[in-house]
Amino acid sequence: MSKPLNIGMIGYGFMGKAHSNAYRQAPRLFELPYTPVLKAVCARNADKVKPFADTWGYESIETDWRKLLERKDIDAVDICTPNHLHAEIAIAAAAAGKMVLCEKPLAMNAAEGVQMVQAVEKAGVANTVWYNYRRIPAVSLAKKIIDEGKLGRIFHYRAKFLQDWTINPEVPQGGAGTWRLDVTVAGSGVSGDLLAHCIDTALWLNGRIDTVCALTETFVKERKHALTGQVEKVGIDDACTFFGRFENGSLANFESTRYARGHKALYTFEINGEKASIFWDLHDLHRLQYFDHRDEGKLRGWRSVHVSDNSGEHPYMDHWWVPGLQIGYDSSFTHQVADFLINLGKGQPTSPTFREAYETQLILDAILQSAKTQQWVQVAKG
Ligand SMILES: NC(=O)c1ccc[n+]([C@@H]2O[C@H](COP(=O)([O-])OP(=O)(O)OC[C@H]3O[C@@H](n4cnc5c(N)ncnc54)[C@H](O)[C@@H]3O)[C@@H](O)[C@H]2O)c1
């Protein structure tokens, strides 16, 4: 018998929609010890949040997140707000004894992040951070292949996350839709927004990053603030490139920008090992490219694996359609909900936990420090 787990979600934007869809989908596709119940959704404006609640079937709305945390009928709080609210809400939610599912990046910086880790660990509440790309089946398959040792010694890890939506200097900073350009709300620019995903995947697939050397640029130095109407200095990084060294000796080469004309969300990574290499591309997310040097010479070449086998060989796919049919971006959130509830049933943590996501935060701090000081920086140990 599956038990109810009452969800209180804060924020109903892009991620509010992605998570609500996942709570609806997960129990229909997976056998789960808990069934998510959409108890309440919270945002500041009742007129805006009410239609969202009706669309997704939330039983009630709140307009103050503190009220939501006071409610006895909420088991788990899901934080889908801009970054500057993650710490305050998560720490209060943990103190109220609620489980916490928090959007990425965990925090504005590592100093905030460590307080969040301490809060959930002190309260002993289940917690996870929505670094959802781990749960795209082709990315999970990459993890399986690496853990089986198929790549051998790893030499290179290369990742990119490219967009082009802020090239126009008329795009404002701050306010709904453009809070990502306001450093007081976002904490950082492409590093915390985009590179954070690349770093989380890299830590999971290839282990800890030890040292970094970074370069950041803010191409548009001033923008009008959508809330004040004033032209203000831009405090975020528009682009960030960094090199580094993983603890396993492999070299890191990462790039992220919102100024790569023609690219909307091009997240790619390539890992080169002694025996084999893999490559993945978000625009072709159901495929994993694999090259194995041990293949017979005359047939050696890059294989394009269509990750849709439902016999158990391909992660998560036995819960979906028949072989040959693929799934999309939204499914990564469904998988995270399913994993969270299955792990909860077993009393186990769901990766990345706050503590694991804090590692990404330490790297982000090191990158920004390196770019500022123009020095190599040793990543602090968590
Ligand atoms: N995992 C991913 O792939 C992914 C993708 C996009 C965004 N994110 C993260 O998700 C978070 C939200 O991003 P988004 O794109 O959904 O933003 P969004 O702007 O679409 O939505 C933000 C929501 O927060 C609400 N909000 C703001 N202040 C609030 C307050 N004081 N009280 C209650 N609600 C408040 C807004 O009303 C809005 O509904 C960010 O931390 C972002 O980094 C993660």
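Trainee: How many bridges join strand β4 to β5, and do these strands run parallel or antiparallel?

Mentor: Strands and helices here are DSSP runs (E, at least two residues, for strands; H or I, at least four, for helices), numbered from the N terminus. Two strands pair if DSSP finds at least two bridges between them. In this case four bridges join β4 (residues 76-79) to β5, and the two run parallel. Within this pairing, Asp78 has Leu101 of β5 as its bridge partner. This is a predicted model: local features need pLDDT of at least 70, side-chain atom pairs count only at pLDDT 80 or more, and totals for chains, interfaces and linings use all residues. Residues are numbered from 1 along each chain as its sequence is written.

Trainee: What is the handedness of the crossover from β4 to β5?

Mentor: A crossover is right-handed if, with the strands pointing away from the viewer, the path from the first strand over the helix to the second runs clockwise. The chain passes from β4 through helix α4 (residues 86-95) to β5, and this β-α-β crossover is right-handed. A right-handed β-α-β unit is also made by β5, helix α5 (residues 110-123) and β6. Strand β6 (residues 127-129) runs parallel to β5, joined to β5 by three bridges.

Trainee: Which strands stand at the edges of the nine-strand sheet?

Mentor: The open sheet has the order β16-β15-β14-β13-β7-β12-β11-β8-β17, with mixed pairing. Strands β16 (303-306) and β17 (377-378) are at the edges; each has a single partner strand, so one side of each is left without a neighbour in the sheet. Strands β13 (residues 266-273) and β14 (residues 276-281) run antiparallel, joined by five bridges.
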